[in-house]
Amino acid sequence: MKAPPSVQNFLWRLAKDILPTRSRLRRKGVLNDTICPLCFEEEETPEHLFMCCRFSQQTCFSLTLGLHVPSHCCLKLWMSDWLNKKDHLAAQIFGITLWKIWQGRNQLLFQHQQFNPIQIVLSAVDFIYEFNAANITVAAVSRVINSPASWSPPPSGALQLNVDAACFKDESVGSGMVIRDNRGAVEFAATKLEKRQLSPNLAEALALRWCLQWILTTNQEGKFIIESDSEVTVNCLKGRNLLADVDNVIFVVIFSLSFPIVM
Ligand SMILES: [Zn+2]
């Protein structure tokens, strides 16, 4: 991976499991307190800090890669999968973000600076820009960092909101939204996990309603472009679908809005 030695050194130590996380410091008899300093919910192992902690999950999800941390593989496999990608820029974004999570964790512990997932992402993006600009031979330079092929920026002055929902086997529903400006910079990102059993279509419609309610209740100004991959929801909005449960949600959405929907 093309990155400064400090980042490579960090990734090597992480892969070798010699990063001084709290669980490792306890194993060495240096520290008794092993709780994760970000969430205070679990022991701070490398797996927890970089994969399971909700703060690092929010960080990864806010990336332009829109990364969902896998629940079925270990940290080493996850790292090896991303760092060996042919897409050098994706590998860079991944590796440098892990490093920034570690830096953010250290700044919280030693300088009492708040850990803000969106700030972590922005500082990772800035860092990659600067590094690649100074190292013209890096293959990643030519690609526009904030515009992966699947995402096209909104017009200047507008914000783009991407929303998605997923139904899991344990009868829970996850929803996520990311709002970006036309440079691809993240303005806001959120996820939620609810214990409820829903059809995928209804989950998508409720996720859309959740986004619109967020726009309403936070008094957002300006123009939003909302992208959903749910054809049923979009067709219901356009009056082309007659799926009763989804239609009911969409009906509530449209009549609770104070602004017109342009499709
Ligand atoms: Zn945690």
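In this predicted model, the lining of the largest pocket takes at least two residues from each of helix H4 (54-62) and strands E1 (158-167), E2 (172-180), E3 (186-195) and E4 (223-228). The biggest contribution comes from E2, which gives 6 residues to that lining. Both domain 1 (5-142) and domain 2 (158-256) take part, with at least three lining residues from each.

The space in this largest pocket amounts to about 1,100 Å³. It is lined by 35 residues, and the closest to its centre are Phe 61, Gly 66, Leu 67, His 68 and Thr 191. By residue class, the lining of the largest pocket holds 13 nonpolar, 15 polar and 7 charged residues.

Strand E1, one of the elements that supply the lining, is mostly covered, with 7 of its 10 residues buried. Its pairings with E4 and E2 are set out below.

| Strand pair | Sense | Bridges | Bridge partners, one example |
|---|---|---|---|
| E1 and E2 | antiparallel | 8 bridges | Leu 161 with Ile 179 |

How many residues lie between E1 and E2 in their hairpin? There are 4 residues between the two strands, and Glu 171 in this turn has a positive phi of about 60 degrees.

Methods: Residues numbered from 1 in each chain as written. Predicted model: local features only at pLDDT ≥ 70, side-chain atom pairs only at ≥ 80, totals over all residues. Heavy atoms only, no water. 1 Å grid on protein atoms, 1.4 Å probe; cavity = no way out; pocket = protein on both sides within 12 Å on 5 of 7 lines; lining within 4 Å. Points joined across faces, edges and corners; volume = space filled by probe spheres on them. Nonpolar A, V, L, I, M, F, W, Y, C, P; charged D, E, K, R; others polar. Domains from an automatic or database assignment. Buried < 20%, exposed > 50% of the residue type's maximum accessible area, 1.4 Å probe, protein only. Pairing = 2+ DSSP bridges.
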